Amino acid sequence: EVPPNKTAGTGEVTATYDSATKKLTWKGTYSGLTGPATAAHFHGPAPDGKNAGVMIPISPDTSPLDGSATLTDDQAKALMSGDVYVNVHTAANKAGEIRGQLKK
């Protein structure tokens with residue numbers, strides 16, 4: 001997280017992007033959070049170490065995560081530039097408890 005917080009939480013998301021249809025598909029899990037997730041999102045555009053607004057909500061936000069969305073041109077550009085991250089939020093960490101930057 002930016003800034004870092006104290007959590008034992010961990011997670012992993014695998015995402016696949018089809019550039020022809022602009023469809024982003026994902027699967028992921030998380031565990032060890034300070035409490036139940038209150039939200040999960042893809043955020044961007046932002047490189048490692050920077051924060052950005054919500055791009056795509058992840059619903060439901062319970063582990064395991066599984067879903068898809070069709071991206072706009074700007075969202076696709078951010079994704080291909082490495083400027084999209086996944087964030088899971090909790091009551092104790094409203095700005096985000098765990099975060100992972102999407103990488104090729």
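These are my notebook entries on a few features I looked up in this structure.

**Ground rules.** I am working with a predicted model, in which local features need pLDDT of at least 70 and side-chain atom pairs count only at pLDDT 80 or more, while totals for chains, interfaces and linings use all residues. Residues are numbered from 1 along each chain as its sequence is written, and side-chain values use heavy atoms, with hydrogens and water left out.

**Aromatic rings.** I searched the whole structure and found 1 aromatic pair, where rings of Phe, Tyr and Trp (its six-membered ring) pair if their centres lie within 6.5 Å. The ring centres of Trp26 and Phe42 are 4.8 Å apart and the planes stand at 65°, so I note the pair as edge-to-face (planes over 60 degrees apart; under 30 is stacked, the rest tilted). This pair links distant parts of the chain, because Trp26 belongs to strand β2 (residues 23–31) and Phe42 to strand β3 (residues 37–43), 16 residues apart; strands are DSSP runs of E, at least two residues long, numbered from the N terminus. Both residues are buried, meaning under 20% relative accessible area with a 1.4 Å probe and protein chains only, with exposed over 50% and partly exposed in between.

**Ala15.** I then turned to Ala15, which is found in strand β1 (residues 10–18) and is partly exposed, at a relative accessible area of 32%. Leaving out residues up to four places away in sequence, I list Leu24, Thr25, Trp26 and Leu102 as touching Ala15 (heavy atoms within 4.5 Å).

Terms used: Helices (H or I, at least four residues) and strands (E, at least two) are DSSP runs, numbered from the N terminus.
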